[in-house]
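The exercises below ask for a careful reading of one structure, each followed by a worked solution. Please work through each task with the model open before turning to its solution.

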Amino acid sequence: MNTKVYKKEINLPDGRVISIETGKLAKQADGSAVIQMGNAMLLATVVSSRTASPVDFLPLTVDYREKFASSGKFPGGFFKREARPSNDEILTMRLVDRVLRPLFPKDYHYETQVMIQLMSHDEDVMPDSLAGLAASTVIQLSDIPFEYPISEVRVARIDGEFIINPSRAQLKGSDIDIMVGASYDSVSMVEGEFNEISEEEMTNAIKFGHEAIKVQIDAQKELVKEVGTDNIREYDHGIENEDLLSKIHKDCYDKCYGVAKEGLSKKKRSEQFSTIREELLESFSGEELEENESLIKSYFSKVEKEAVRELVLSEGVRLDGRKTTDIRPIWCEVAYLPSTHGSAIFTRGETQALATVTLGTSRDANIIDSPTNQGEENFYLHYNFPPFSTGEARPLRGTSRREIGHGNLAQRALGKVFPDDCPYTVRVVSEVLESNGSSSMATVCSGTMALMDAGVNISNPVSGIAMGLISDGERYSILSDILGDEDHLGDMDFKVTGTENGITACQMDIKIKGLSYEILEKALEQARVGRIEILNEMNKTIDKPSSSVKPHAPKMVKMIIDGDYIGAVIGPGGKVIQEMQKETGTTIVIEEENEKGVVEIMGTDQQMIDSVIQKIEDITFSPVVGETYNVKVVKILDFGAVVEFRPGKEVLLHISEIAWERVEKVEDYLRLGDFVDVKYVGFDSKTKKQKVSRRLLLERPPKKDK
């Protein structure tokens, strides 16, 4: 090999090793590396264009893919090749993107692609835990301008002990599952789910993850130093005009401050800011606009942002007139949609979500089939964010990454209170109808109420709140229940969900350096207070699950039958089960588990469900030796009577077993249609046929003296 290979190892506290290697693969990329843990191997690359893009933002693409070959599997589908990314892959892309994007220079507008591919899978390694490390390593090995290295780790807690990057099997026994992204000095991203833990426990998990990240950052620095790739490329920083900025600040700052202080609605506020901007543009000549229009608009946005932030920091007043801890007015309604199995509206200020619940069978479970994860979800949530929710008309291009991410957060929040013994597959759909600040948290609230309206026995109601932060380095304000503009103009977006007992999920993105744990702890406590306030408002509408499902919703009954009878219940070619479904209007699903048959019967008419139960019990009926049964006489023969346990379950009551005395004619004792008690004796040793006796239930007459 002509190329020198460089390698560094990272030792985890439990003895496992992560290695980062460069110099062997993908050398034409600006940066490339292989990250390995156990048998799991990720190939990461980064390439950034040398020609500036015409857009005024960073056109960054983070792509994460899991190759089916990595686990020795074939892709599904007709074409037998990898297609669109799975939800899990998209969620991993988002986790990495959220940490990387703020660390590129604000004036760096060059097409940049970070690609991470799972090339070899290990059942004991969750590869998404390594994706952030992989992305940061390749950027550090390139000449692309980037502020400082970062990394990401997953933290779990098992039996009270924190561990880094657990396996999927270990995660099942954990009460904490949190991804932490950070630089050496500060945490910048957190996302996870929890079993109703306290704010202190969550903070401790973040701190534990941060310490592990510092070790991974040191390894990146050592590798870069050894390779010697610490030169940063020159690029066009664009035009800056301090005199122009000063003029716009002088002309517009006080006007923007005044509008911000009026406490207007989103629409009116937007109109007022637009008026100020239009007046500013009109103050320039056509020649000046031709040369500097984009810069003028950019500087105006900068001045507007400065005015809004200063209002909060100096006066504690927010764009809609609230104080920093105030929650917007809330109203709720359940059972709004008459034909759904459950529904609820949650409205908080100018944000509104309508959630529906659909109850189904195991056939409706969400099938997961990826190179690293296979299984089924019997509870899942979908989130839809149509353009009209923000008063926009834009193209509809399918489900966005944002919709998948927000839906996943809400699903994790509610999944922690979903009952393990729920007989249904449950789908929640959130339709965001208005959005001005944290529609994902409105989804959690509406989803909770819709589940309770549907009669799903969740353990506790869950509410959610989005927190914000504005800081100038010395002063700071923590904002409860942030607006969309406060998310855009602020320094933190921190979403927390939970019950009255503790936190169930969180998602945090921090845009400033050096956020102290003191501020984080204050934000968590302020979020707890706000979360409980929102929960109390929800409880005024519905505070516990309905005692039963709605009359038009399907009822579900599960039966366990002997595995030997599965074929009989299904019938030849499915004839028996299809006839039962047609006659009763029910849905019947049979699955084999541990040599038993699990039968799900779902329908809206309880009588029809009972009818199916009876039919299946008839098919699977098997008499027990020594037990007494009341049977029906269905046929009279010279040598006995045919009696019926259940429809289709017949046996001969021999003439010798009718009475103790000699029976000459069966008709003297039994008539067609009679019901008579018999004792099940078992199989006759000679005939090998089932045998029942009536006489054994009768008092035996005394023997006559000879």
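**Exercise 1.** How much space lies in the largest cavity?

*Solution.* The coordinates come from a predicted model, and the values that follow are computed from it. The space in the largest cavity amounts to about 40 Å³.

**Exercise 2.** Determine which residues line the largest cavity, and which strands supply them.

*Solution.* Begin with the residues themselves: the lining consists of Glu21, Thr22, Gly23, Lys24, Leu25, Ser32, Ala33, Val34 and Leu43. Next, turn to the strands, where E2 (17–22) and E3 (31–37) are each found to supply at least two residues of this lining. Of the contributions, that of E3 is the most, with three residues. Finally, sort the lining by class, which gives four nonpolar, three polar and two charged residues.

**Exercise 3.** Describe how helix H2 packs with helix H4, giving the relative direction of the two helices and the residues through which they touch.

*Solution.* The geometry comes first: the axes of H2 (residues 128–141) and H4 (residues 199–227) come within 10 Å and cross at roughly 30°. Since angles under 35 degrees count as roughly parallel, H2 and H4 are therefore roughly parallel to each other. As for handedness, the crossing in which H2 passes H4 is right-handed. On the H2 side the contact is made by Leu133, Ser136, Thr137, Gln140 and Leu141, and on the H4 side by Gln216, Gln220, Leu223, Val224 and Val227. Taken by class, this contact of H2 with H4 comprises five nonpolar and five polar residues, with no charged residues.

**Exercise 4.** Are helices H5 and H6 roughly parallel or roughly antiparallel, and which residues make their contact?

*Solution.* Start again from the axes, which for H5 (residues 242–261) and H6 (residues 266–282) lie 10 Å apart, the helices packing at an angle of about 165°. Because an angle over 145 degrees counts as roughly antiparallel, H5 is roughly antiparallel to H6. The crossing of H5 past H6 is right-handed. From H5, the contact draws on Ile248, Cys252, Lys255, Cys256, Val259 and Ala260, while H6 provides Arg269, Gln272, Phe273, Ile276, Glu279 and Leu280.

Methods: Residues numbered from 1 in each chain as written. Predicted model: local features only at pLDDT ≥ 70, side-chain atom pairs only at ≥ 80, totals over all residues. Heavy atoms only, no water. Axes fitted to C-alpha atoms, helices over the stretch in contact; angles between N-to-C directions. Helix = DSSP H or I, 4+ residues; strand = E, 2+ residues; numbered from the N terminus. Parallel < 35°, antiparallel > 145°, perpendicular 65-115°, else oblique. Left-handed = near helix turned anticlockwise from the far one by under 90°. Contact = heavy atoms within 4.5 Å. Nonpolar A, V, L, I, M, F, W, Y, C, P; charged D, E, K, R; others polar. 1 Å grid on protein atoms, 1.4 Å probe; cavity = no way out; pocket = protein on both sides within 12 Å on 5 of 7 lines; lining within 4 Å. Points joined across faces, edges and corners; volume = space filled by probe spheres on them.
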